[in-house]
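Hi,

Here is the structure I promised to pass on. Please open it first, then read my notes below.

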Amino acid sequence: MFAVIEDGSHQHQIQEGDILTIDYRATAKEGDSITFESVLLANGGGASCIGAPLIEGASVEAEVVLPEVKGEKLEIQKLRRRKNSRRHTGHRQKYTTVRINSINVPGLEIVEPAAEEPEPATTEG
């Protein structure tokens, strides 16, 4: 089963147990629960449920793993040629890391994939 959720201006395709990096939440502490209610699409294996634009009553439960993670450093340089004017700055965006615990979609049929049995070996004699 997977779902597509929207957080801020980003869309993420998720499954249960996935680790996801989302926009920074200042009030989040390790072990806190976060609920995403902007579920755009869900697939249970047999059928899909597509929102218009959101699926009503659907939610995704997640647990905060790391409350603050810094992204990679962005280097910003500005130069005006022949003016001896240079500026150099940098920026590191903060993120929060969460683990997806459950995907709840009312009325979605969940089909587990059937395990295929291996064919018996035949001996030619």
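What pattern does the protein chain follow, read along the sequence? The order is β-β-β-β-β-β-β-β. That makes eight strands and zero helices. Keep in mind that this is a predicted model.

Overall form comes next. The radius of gyration of the protein chain is 23 Å, while the globule rule gives 14 Å for 125 residues, so the chain is more spread out than a compact globule. Along the principal axes, the C-alpha atoms fill a box of roughly 85 × 50 × 30 Å.

Burial and surface: of the 125 residues, 26% are buried. The protein chain exposes about 9400 Å², with 46% of that supplied by carbon and sulfur atoms.

Residues 24 or more positions apart account for 66% of them.

Now the core. The largest nonpolar core holds 20 residues, and I14 and V60 have the most contacts inside it.

Which residues does I14 touch, leaving aside its neighbours within four places in sequence? Its contacts are M1, F2, A3, I5, L20, V60, I100 and I103.

Last, charge. The protein chain carries 14 positive and 20 negative side chains. The centres of the two sets lie 32 Å apart.

Best wishes

Terms used: Residues are numbered from 1 along each chain as its sequence is written. This is a predicted model: local features need pLDDT of at least 70, side-chain atom pairs count only at pLDDT 80 or more; totals for chains, interfaces and linings use all residues. Side-chain values use heavy atoms; hydrogens and water are left out. Helices (H or I, at least four residues) and strands (E, at least two) are DSSP runs, numbered from the N terminus. The radius of gyration is taken over C-alpha atoms; the globule rule is 2.2 Å times the number of residues to the power 0.38. Buried means under 20% relative accessible area, exposed over 50%, partly exposed in between (1.4 Å probe, protein chains only). Contact means heavy atoms within 4.5 Å. Accessible areas come from the Shrake-Rupley method with a 1.4 Å probe; for residues, only the protein chains shown count as cover. Lys and Arg count as positive and Asp and Glu as negative; His and the chain ends are not counted. The place of a charge is taken as NZ of Lys, CZ of Arg, CG of Asp or CD of Glu. A nonpolar core is a set of buried Ala, Val, Leu, Ile, Met, Phe, Trp, Tyr and Cys residues joined through side-chain atoms within 4.5 Å.
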